[in-house]
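Hello,

Here is the structure I promised to pass on to you. Have a look at it first, and then read on for what turned up.

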Amino acid sequence: TVRIRELNRNIGDLQKEKAAIQNSAKRKEDEFDQLRQQKTKLDSENISLKLQLKDCQQGLAEAMKKNKRMWEEMQNTPKKFTELARQNKLLIAETGQMHYNLGIFYTKNKQYDRAALEFEKVIEIDPNNAYAQFNLGYIYAEYIVNRQKAAKHFRYYLGLAKGDDKDMDWVKKYLLTWEAYDGKGRVQ
């Protein structure tokens, strides 16, 4: 009977141990399920992060290409500005020439006010245009009759004209005549 009691105790102990092992196994299974769920979640996040990394790498590659193009453009910018400045200078000269030609046209057609406006535009573009200064002075002297403006433009013309210019003598005589008339003295 002692032996039976001992065996019953051992059986009880073994049953308790079995129950503890089963409980531990259940906890371990639950932990394993949680770890499996975490792994699935981490695998999903890993895939998402890999896709984001791929997008970022593509974006970086595109940005690098764009940066290279912009760098090359920046290197060419001074050349473009130089070319634009050259073209601007040509356009300004052509615009001045166009206004000059319109001034001549209006003068020939006896539209002196319009001609004067065109020559004023030429002078606005290029104040050192001797021929525009002369023509404007001539229009003010002969047609619009504003001696002060005529004298102003003729003086400017004399400062710009070459010594062998055919109109220089006529301008000097005009200035001398009107200055003598007004009593202002000699023209230089």
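**Overall form**

The protein chain has a radius of gyration of 50 Å, whereas a compact globule of 188 residues would have one near 16 Å. Please keep in mind that this is a predicted model. Along the principal axes, the C-alpha atoms of the chain fill a box of roughly 165 × 30 × 30 Å. Buried residues make up 20% of the 188 residues.

As for secondary structure, the chain has 5 helices and 0 strands, and reading along the sequence gives the pattern α-α-α-α-α. If you look at contacts between residues at least 6 apart in sequence, 38% of them join residues at least 24 apart.

**Helix 1 against helix 3**

One packing pair may interest you. Helix 1 covers residues 2-108 and helix 3 covers residues 130-142; the two pack at an angle of about 25°, with their axes 11 Å apart. Angles under 35 degrees count as roughly parallel, and helix 1 and helix 3 are therefore roughly parallel to each other. Their crossing is left-handed.

Which residues make the contact? From helix 1 come Tyr-100, Ile-104 and Thr-107, and from helix 3 come Tyr-131, Ala-132, Asn-135 and Ile-139. By type, the residues of this contact divide into 5 nonpolar, 2 polar and no charged.

**A buried glutamate**

Glu-118 sits in helix 2, which spans residues 112-125. Is Glu-118 buried or exposed? With a relative accessibility of 9%, Glu-118 counts as buried, because the cut-off for buried is under 20% relative accessible area. Setting aside neighbours within four places in sequence, Glu-118 is in contact with His-99, Leu-102, Gly-103 and Tyr-106.

**Two loop residues with positive phi**

Lys-110 is not a glycine, yet its phi is positive, at about 60°. You will find Lys-110 in the loop between helix 1 and helix 2. Lys-110 has a relative accessible area of 64% and is exposed.

Val-145 is another residue other than glycine with a positive phi, here near 55°. Val-145 is placed in the loop between helix 3 and helix 4, the latter being residues 147-160. At 53% relative accessibility, Val-145 counts as exposed, since exposed means over 50%.

Best wishes

Technical notes: Residues are numbered from 1 along each chain as its sequence is written. This is a predicted model: local features need pLDDT of at least 70, side-chain atom pairs count only at pLDDT 80 or more; totals for chains, interfaces and linings use all residues. Side-chain values use heavy atoms; hydrogens and water are left out. Axes are lines fitted to C-alpha atoms, for helices over the stretch in contact, and angles run from 0 to 180 degrees between N-to-C directions. Helices (H or I, at least four residues) and strands (E, at least two) are DSSP runs, numbered from the N terminus. Angles under 35 degrees count as roughly parallel, over 145 as roughly antiparallel, 65 to 115 as roughly perpendicular and the rest as oblique. A crossing is left-handed if the near helix is turned anticlockwise from the far one by less than a right angle, and right-handed if clockwise. Contact means heavy atoms within 4.5 Å. Ala, Val, Leu, Ile, Met, Phe, Trp, Tyr, Cys and Pro count as nonpolar, Asp, Glu, Lys and Arg as charged, and the others, Gly among them, as polar. The radius of gyration is taken over C-alpha atoms; the globule rule is 2.2 Å times the number of residues to the power 0.38. Buried means under 20% relative accessible area, exposed over 50%, partly exposed in between (1.4 Å probe, protein chains only).
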